Amino acid sequence: MHIAILAGDGIGPEIMDQTIRVLEALNLPDLKLSPALVGGAAYHALGHPLPDGTLSLCKEADAILFGAVGDPSCDSLERHLRPEQAILGLRSALGLFANLRPAKMFDGLSDMSALRPEVAAEIDLLIVRELNGDVYFGEKGVRTNNKGLREGYDIMSYDEDEVRRIAHVAFKAAQRRGSKLCSVDKANVLETSQLWRDIIIEVSAQYPDVTLDHMYVDNAAMQLVRSPGQFDVVVTGNLFGDILSDQASMCVGSIGLLASASLGEGTRGLYEPIHGSAPDIAGKGSANPCAMILSAAMMLRHSFGLKSQALKVEQAVAAILDDNILGADLGGQHSCQQIGDAILAKIV
Ligand code: IPM
Ligand code: MG
């Protein structure tokens, strides 16, 4: 079990420390953790957010645990040197095209949701976000238009194979869950979305047991706060998935609770919380490590097939939340370290 440990920037290192403690407590056979620099931390030390050494380590490793990237001191750098390019570069270089972002209400936390507790209590959904295409990876730049004005542009595109492969991931995920799939697009306006919808419908013929429907992204954003319980699996493109997954996190109570897995064709995956580096609270010891620890649980399940160990970690997190061991993000006073201690106590 060779795991690349990329803590990154901001609160990344503190949440990663707690995650490593949890992994070590599980007494996993042949656990090998290899730390490396990424993001702003790598830029400051080595001049690049995704140094060659970090990329080659990730290619050798069986799985990657990723904290967060983002550092305000890098905001004025050229785009290719900014911390965010590290995660985008890894997703693309490793062919990690499927991002699974589950959102489920934890017992006892529905009061913390931005939604009414009875609405929030119903949340149990999975966002399947495409991760290698869309406006994220299209040609982009700033040009001078025919009025002599500077004009920014980013090209949105998906080819049919890109849509097909994420469609299969989403339909299969739906088969393992409630057999309902909602594809989110903006086909009333965007050609990219019309093709997306056509291909999703074409692939659906192979999954007659899954009920498929389609929703425009603006409506989906509204439905997600109106009645999130209607969703089982949601499949969408890179940009819409980025936005809807942050929204889903607040429906669950805190962005500090949502884990994610980025997967490609094989078993190698990159596992990261959906939150960012939170520079405003970095170094204060007040970050919530739950999303990072739950991401490690996703790793145990997806990359290593260790279902019972994954469950043990997930149950430990659910149990401490139920015990009201909450950090500042959930209105509590427990530190990152104390939350880690409480989770460890449930595991050993
Ligand atoms: C995420 C993040 C990233 C993204 C950023 C850090 C580039 O917001 O993983 O959701 O936009 O994909
Ligand atoms: Mg995001």
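Glu272 touches Phe66, Gly67, Ile87, Arg91, Ala259, Ser260, Ser262 and Ser295, not counting residues up to four places away in sequence; contact here means heavy atoms within 4.5 Å. Glu272 sits in strand 12, and because its relative accessibility is 6% it counts as buried. Buried means under 20% relative accessible area, exposed over 50%, and partly exposed in between, with a 1.4 Å probe and protein chains only. Helices (H or I, at least four residues) and strands (E, at least two) are DSSP runs, numbered from the N terminus.

This is a predicted model, in which local features need pLDDT of at least 70 and side-chain atom pairs count only at pLDDT 80 or more, while totals for chains, interfaces and linings use all residues. Residues are numbered from 1 along each chain as its sequence is written, chains are lettered from A and ligands numbered from 1 in the order in which they are written, and side-chain values use heavy atoms, with hydrogens and water left out.

**Ligand 1**

- The residues surrounding ligand 1 are Glu84, Arg91, Arg101, Arg129, Tyr136 and Asp242; a residue is near a molecule if one of its heavy atoms lies within 4 Å of it.
- This shell divides into one nonpolar residue, no polar ones and five charged. Ala, Val, Leu, Ile, Met, Phe, Trp, Tyr, Cys and Pro count as nonpolar, Asp, Glu, Lys and Arg as charged, and the others, Gly among them, as polar.
- An oxygen atom of ligand 1 lies 2.7 Å from a polar side-chain atom of Arg91.
- For Arg129, an N or O atom of the side chain is 2.8 Å from an oxygen atom of ligand 1.
- For Tyr136, the separation between a side-chain N or O atom and an oxygen atom of ligand 1 is 2.5 Å.
- The protein buries 78% of the 320 Å² that ligand 1 exposes when taken alone; accessible areas come from the Shrake-Rupley method with a 1.4 Å probe, and for residues only the protein chains shown count as cover.

**Helix 4**

- Helix 4 spans residues 84-93, and Ala86, Ile87, Leu88, Leu90 and Arg91 are buried in it.
- The cover over the buried residues of helix 4 includes strand 1 (2-8), helix 3 (52-60), strand 3 (63-68), strand 4 (98-104), strand 5 (124-130) and strand 12 (269-273).

**Aromatic pairs**

- Two aromatic pairs are found in a search of the whole structure. Rings of Phe, Tyr and Trp (its six-membered ring) pair if their centres lie within 6.5 Å; planes under 30 degrees apart count as stacked, over 60 as edge-to-face and the rest as tilted.
- Tyr158 and Trp196 form a tilted pair, with 5.3 Å centre to centre and 50° between the planes.
- Tyr158 is in the loop between strand 7 (150-154) and helix 6 (160-176) and Trp196 is in helix 7 (residues 191-204), so this pair ties together parts 38 residues apart in sequence.
- Both Tyr158 and Trp196 are buried.
- The pair of Phe171 and Tyr207 is stacked, because the ring centres are 4.8 Å apart and the planes are at 5°.
- Phe171 belongs to helix 6 and Tyr207 to the loop between helix 7 and strand 9 (211-216), so that distant parts of the chain, 36 residues apart, are linked.

- Leu57 lies in helix 3 and counts as buried at 12% relative accessibility.
- Leaving aside neighbours within four places in sequence, Leu57 is in contact with His2, Ala4, Ser34, Pro35 and Ala36.
- Leu57 and Thr19 are 38 residues apart in sequence, and their C-alpha atoms are 19 Å apart in space.
- Leu321 is placed in helix 11 (residues 307-322) and counts as buried at 3% relative accessibility.
- The contacts of Leu321, apart from neighbours within four places in sequence, are Phe106, Leu109, Leu257, Cys290, Leu326 and Leu330.
- Between Leu321 and Cys290, 31 residues apart along the chain, the C-alpha separation is 9.4 Å.

**Positive phi outside glycine**

- Asn27, a residue other than glycine, has a positive phi near 50°.
- Asn27 is in the loop between helix 1 (12-25) and strand 2 (32-35) and is exposed, with a relative accessible area of 67%.
- Ser179 is not a glycine, yet has a positive phi of about 60°.
- Ser179 lies in the loop between helix 6 and strand 8 (180-185) and is partly exposed, with a relative accessible area of 21%.

Note on methods:
Polar contact = N/O pair within 3.5 Å; in protein donor to acceptor, adjacent residues only side chain to side chain.
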